[in-house]
Amino acid sequence: MTLELRAKTPGGPLAEKWERHRAELRLVNPANKRKHHVIVVGSGLAGASGAASLAELGYTVSCFCFQDSPRRAHSIAAQGGINAAKNYQNDGDSVHRLFYDTIKGGDFRSREANVYRLAEISARIIDQCVAQGVPFAREYGGLLANRSFGGVQVSRTFYARGQTGQQLLLGAYQALCRQIGAGQVRMYPRTEMLDLVVVDGQARGIITRSLVDGKIAAHVADAVVLATGGYSNVYYLSTNAKGCNVTAIWRAHKRGAALANPCFTQIHPTCIPPTGHHQAKLTLMSESLRNDGRIWVPLRKGDSRAPGDIPEAERDYYLERLYPSYGNLVPRDLASRRAKEVCDEGRGVGPGGGHGVYLDLRDAIARLGDAAIADRYGNLFQMYERITAESPYRVPMRIYPAPHYTMGGLWVDYNLMSTIPGLHVIGEANFSDHGANRLGASALMQGLADGYFILPYTIGDYLAQAKLPKLDATHPAVRQTGAEVADRTRKLIEANGRRSVDTFHRELGRLMWDRCGMSRNASGLKDAIQKICVLREEFWNDVYVGGRGEDLNQALEQAGRVADFLEFAELMCRDALEREESCGCHFREEYQTPEGEARRDDERFAYVAAWEFTGGKPPVLHKEALEFEAVHPSQRSYV
Ligand SMILES: Cc1cc2nc3c(=O)[nH]c(=O)nc-3n(C[C@H](O)[C@H](O)[C@H](O)COP(=O)(O)OP(=O)(O)OC[C@H]3O[C@@H](n4cnc5c(N)ncnc54)[C@H](O)[C@@H]3O)c2cc1C
């Protein structure tokens with residue numbers, strides 16, 4: 001056992017930990033900052049804010065993304081909003097309440113000190129973004145407007161219509177562009193990181209492949225930051241952009257970075273239901289719609305009447321019935337499971353076997369009028385109508401749960417450093433703050449907290465003390481890693497089998513959805529592990545990529561990512577099998593209360609599961625015990 005989990009959580013009272021820690025972190029003087037080169041992989045909200053902030057401090061930064069522009073990072077798709085404990089609504093919000101909501105929402109499976117720091121920093125994120133010109137929605141008097149998201153009873157979500165991610169990313173992108181213009185950041189678009197270079201136990205660079213001409217190159221640096229997003233596409237169908245993948249963190253894992261809680265994957269309740277096997281992508285309808293929308297199904301099984309013909313008394317507003325105090329705004333894991341439950345009972349609506357429930361804005365439209373609703377959700381309504389040919393102003397939307405966000409990711413300490421010294425991980429790519437279930441509008445908050453406000457301090461602490469011998473691309477470890485990447489790329493091209501990459505991905509996705517999706521059980525997970533191993537072998541024997549490695553070759557890009565998903569999926573299932581409890585999104589059918597709620601087992605499972613790669617042998621599980629000083633884990637109740 002070589003891997004050691006040292007969370008480095010500072011001592012002292014919860015509310016003072018971060019301030020004290022910041023005061024104690026080592027500093028790099030301005031002249032020395034210029035000498036340090038940092039690689040940031042990813043230019044979404046986490047990566048762009050991190051790269052821009054590091055460059056602003058004076059570090060020399062190289063930033064990589066696989067899209068043609070940083071502006072196309074998946075963060076641009078975020079719709080509903082970003083949380084902050086500003087209490088503008090005077091409705092009882094506070095740093096402590098945001099902290100408590102987040103830790104309870106995550107079903108007490110996250111690190112207390114990290115979550116408190118996130119809540120504490122949240123207000124500053126909004127100030128930073130407003131200063132950049134992010135056009136948050138405002139109330140008539142000019143103050144920033146707020147709405148509510150699931151799992152809370154206050155309104156603390158800041159938003160820009162249904163395009164919050166896009167507007168925030170434009171802010172971070174401008175900050176990044178300023179540094180590109182100043183020569184402090186060198187941007188490498190259309191460049192995919194395919195491996196991490198580790199020299200003498202430290203992260204010292206990456207190996208990349210140009211997606212334009214296939215050139216494989218080595219980049220060395222003093223530290224590496226991964227901001228490469230989430231892995232929901234392991235399910236093939238998800239709300240994520242098609243390019244989202246696990247490759248960067250998986251390759252880093254294989255070089256020694258522990259992977260934490262990989263089975264904690266969020267299934268979002270509010271997505272447009274799939275219509276068949278032809279589909280390549282699912283579309284989210286933002287949770288913000290649950291502020292004004294009411295979720296219901298017919299009371300009677302198999303009721304095929306049009307929604308408008310079903311009288312009030314024959315509708316079941318099941319979330320309002322089951323959870324009267326939170327109603328339609330219960331956390332995502334609960335809303336998703338309950339939707340599945342009513343559909344499994346035969347009360348689902350829509351074509352294709354009734355895999356849908358209604359999200360009905362009728363009452364809000366009657367109360368506020370079309371124009372007010374269009375102001376809040378106009379672009380979401382347009383998107384829905386374009387996809388389904390139904391107007392949500394006239395007919396209730398149909399929604400069904402879909403894979404959306406991944407709480408698991410590379411394990412990081414309080415300084416956001418992985419188990420490989422010098423490798424920092426920010427945004428959705430790390431496991432940090434959301435436990436077993438993320439609350440809505442908290443991902444943008446975390447990505448920007450990491451990038452603008454935490455990493456810029458903590459990376460300096462590492463650089464100030466690390467011994468960093470001079471290194472260039474001729475170092476044997478760099479050359480060796482580069483050669484391994486070239487070899488793997490060649491093998492994919494040469495497999496020359498009969499099946500397309502996409503068919504393997506679809507098959508894996510269906511298996512993961514059935515066995516390691518919204519609910520899991522031991523026999524299903526064991527079966528999935530076996531089937532994944534068989535599918536993986538078949539992939540390497542029978543995949544057909546076509547084309548050349550020295551060209552633009554999208555099938556090759558996809559093949560590399562699917563090959564990694566096929567390895568990673570097995571770890572997800574092992575993690576889900578090992579955790580013999582239900583918590584948050586991880587619903588093990590064997591462990592539930594008589595009411596069908598998740599039954600945690602704090603005695604045995606109040607830990608972060610951090611997996612070590614052992615190269616061919618079964619992965620080794622390490623446990624970071626979760627200790628709670630300020631909150632007492634209790635059975636989550638939203639009744
Ligand atoms: C449809 C949708 C709506 C959402 N709405 C909200 C919301 O309203 N509020 C909220 O808080 N959260 C929301 N989320 C979640 C949130 O958008 C994401 O968690 C967040 O944007 C992730 O940001 P990130 O910077 O960590 O990663 P991303 O934005 O995914 O960026 C990843 C970056 O890494 C790069 N990259 C990845 N792998 C490699 C590689 N191997 N080599 C080189 N570059 C690589 C990519 O090119 C990209 O630049 C939503 C998610 C979805 C799917």
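Predicted model: local features only at pLDDT ≥ 70, side-chain atom pairs only at ≥ 80, totals over all residues.
Me: Which residues does valine 225 touch, not counting residues up to four places away in sequence?
Reply: Val225 is among the residues with the most contacts inside the largest nonpolar core. Contact here requires C-beta atoms within 7 Å. With residues up to four places away in sequence left out, valine 225 touches Val38, Ile39, Val40, Val41, Gly50, His424, Ile426 and Leu455.

Me: How many residues of the shell around the ligand are charged?
Reply: The ligand is surrounded by 44 residues, the closest being Gly42, Gly44, Ser75, Gly229 and Gly427. Among the elements that each supply at least two residues of this shell are helix H3 (45-57), strand S6 (191-199) and helix H13 (443-465). By class, the shell holds 20 nonpolar residues and 22 polar ones, while the number of charged residues is two.

Me: Which helix provides the largest share of the side of domain 1 that touches domain 2?
Reply: The centres of domain 1 and domain 2, taken over C-alpha atoms, are separated by 31 Å. Six residues from domain 1 and five residues from domain 2 make up the contact. On the side of domain 1 that touches domain 2, five residues, the largest share, come from residues 332-347, which form helix H9.

Me: What is the order of the strands in the open sheet of five strands?
Reply: Strand S11 and S15 run antiparallel and are joined by five bridges; cysteine 271 stands opposite tyrosine 400 in S15. Strand S12 (residues 294-298) and strand S14 (residues 357-360) pair in the antiparallel sense over three bridges, and tryptophan 296 has tyrosine 358 in S14 as its bridge partner. With antiparallel pairing, the order of the open sheet is S11-S15-S14-S12-S13.

Me: Is strand S11 largely enclosed by the rest of the structure or exposed?
Reply: S11 and strand S13 (315-316) stand at the edges of the sheet, each with a single partner strand, so one side of each is left without a neighbour in the sheet. A residue is counted as buried if 20 or more other C-beta atoms lie within 10 Å of its own. Seven of the seven residues of strand S11 (residues 265-271) are buried, so the strand is largely enclosed by the rest of the structure.

How values were computed. Residues numbered from 1 in each chain as written. Core = buried A, V, L, I, M, F, W, Y, C linked by C-beta atoms within 7 Å. Buried ≥ 20, exposed ≤ 12 C-beta atoms within 10 Å, placed from the backbone. Contact = placed C-beta atoms within 7 Å. Near = placed C-beta within 6 Å. Helix = DSSP H or I, 4+ residues; strand = E, 2+ residues; numbered from the N terminus. Nonpolar A, V, L, I, M, F, W, Y, C, P; charged D, E, K, R; others polar. Domains from an automatic or database assignment. Pairing = 2+ DSSP bridges.
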